[in-house]
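View the structure first, then read on.

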Amino acid sequence: GGFANDPDRYALDITSPLGKIWKFSPVDGRWNSGEAWAVGLRNPWRASLDPVTNDLWIADVGQDNWEEINVVPFDQVQGVSFGWSAREGTHEFNADQQALHETFTAVEPVYEYEHVDNNCSISGGVVYRGSQVPVSGTWYIFSDYCTGKVQALCVDDQRQNCGVIDLGTVEKSVGIVADAQGEVWVLSQNGLIVPIIAG
């Protein structure tokens, strides 16, 4: 989304390529220049499309205080604002950007957490769709780079937060990915690839 604190107010400016979700389409065998589909992202650290629901999940790294997780049906992405830099998570940030944010369809984070207890940077994330771990419902797996804490966020049928559980710790976790069977792996800057398995 640009420099810290969005001093140039790029993230909500539709003429800037920063802080956006872009759609590119092939035209006559070539890619077009694209169009901004959504605005208001700061530093999305992994986005994933749930193959079951077709929901788009985005873990967005915050500025100084709040990390956030957003979820929106893929067919409703066009025209939305994820809030930055009018907001950091659900909290006001650059007040002069609020009116511009409101010209789009606002998406509120389904979950946010504060920079306390050494938390500092979210690493997303996929919905668990494997068979190795018995689960019911929708669980989005994510971690924090600084603490290494790996967690699962429960989301109900209305895409509302229904709780978070701790799964363990992987130092310097930089992402969560799913394999072809839907099983989930935590990637670490230490060179580790750690599976999520039933305990």
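Which residues line the largest cavity? Its lining consists of Arg42, Asp60, Val61, Gly62, Glu68, Trp84, Arg87, Glu88 and Gly89. Here a cavity is a set of points, on a 1 Å grid over the protein atoms alone, where a 1.4 Å probe fits but cannot get out; lining residues have an atom within 4 Å of a point. The volume of this cavity is about 30 Å³. Volume is the space filled by probe spheres set on the points, and grid points are joined across faces, edges and corners. A search of the whole structure finds 1 cavity of 30 Å³ or more.

The model is predicted: local features need pLDDT of at least 70, side-chain atom pairs count only at pLDDT 80 or more, and totals for chains, interfaces and linings use all residues. Residues are numbered from 1 along each chain as its sequence is written, and side-chain values use heavy atoms, with hydrogens and water left out.

**Asp60**

Asp60 sits in strand β6, residues 55–60. Strands (E, at least two residues) and helices (H or I, at least four) are DSSP runs, numbered from the N terminus. Asp60 is buried and has no salt bridge. Buried means under 20% relative accessible area, exposed over 50%, and partly exposed in between (1.4 Å probe, protein chains only). A salt bridge is a side-chain nitrogen of Lys or Arg within 4 Å of a carboxyl oxygen of Asp or Glu.

Which side chain of opposite charge is nearest to Asp60? It is Arg42, 6.2 Å away. Lys and Arg count as positive, Asp and Glu as negative; His and the chain ends are not counted. The side chain of Asp60 does reach the backbone nitrogen of Asn43, at 2.7 Å. Asp60 also touches Gly40, Leu41, Pro44 and Ile122, among others, leaving aside residues up to four places away in sequence. Touching means heavy atoms within 4.5 Å.

**Salt bridges**

Side chains of opposite charge can pair when their charged atoms come close. How many salt bridges does the count give? It comes to 3.

| Pair | Closest N to O |
|---|---|
| Arg9 and Asp96 | 3.0 Å |
| Arg159 and Asp55 | 3.0 Å |

Arg159 lies in the loop between β15 (149–155) and β16 (161–169), while Asp55 is in strand β6, so their bridge ties together parts 104 residues apart in sequence. Arg159 is partly exposed at 32% relative accessible area. Asp55 is buried at 6%.

Arg9 and Asp96 form a salt bridge. This pair links distant parts of the chain, 87 residues apart: Arg9 is in the segment before β1 (21–23), and Asp96 is in the loop between β10 (91–92) and α1 (98–101). Arg9 is partly exposed, at 25%. Asp96 is partly exposed too, at 49%.

Arg129 is partly exposed at 27%, whereas Asp50 is buried at 2%.

**Lys149**

Lys149 belongs to strand β15. Is Lys149 buried or partly exposed? At 31% relative accessibility, Lys149 counts as partly exposed. Its contacts include Phe142, Asp144, Asp166 and Thr169, with residues up to four places away not counted. The C-alpha atoms of Lys149 and Lys172 are separated by 9.3 Å.

How values were computed
Polar contact = N/O pair within 3.5 Å; in protein donor to acceptor, adjacent residues only side chain to side chain. 1 Å grid on protein atoms, 1.4 Å probe; cavity = no way out; pocket = protein on both sides within 12 Å on 5 of 7 lines; lining within 4 Å.
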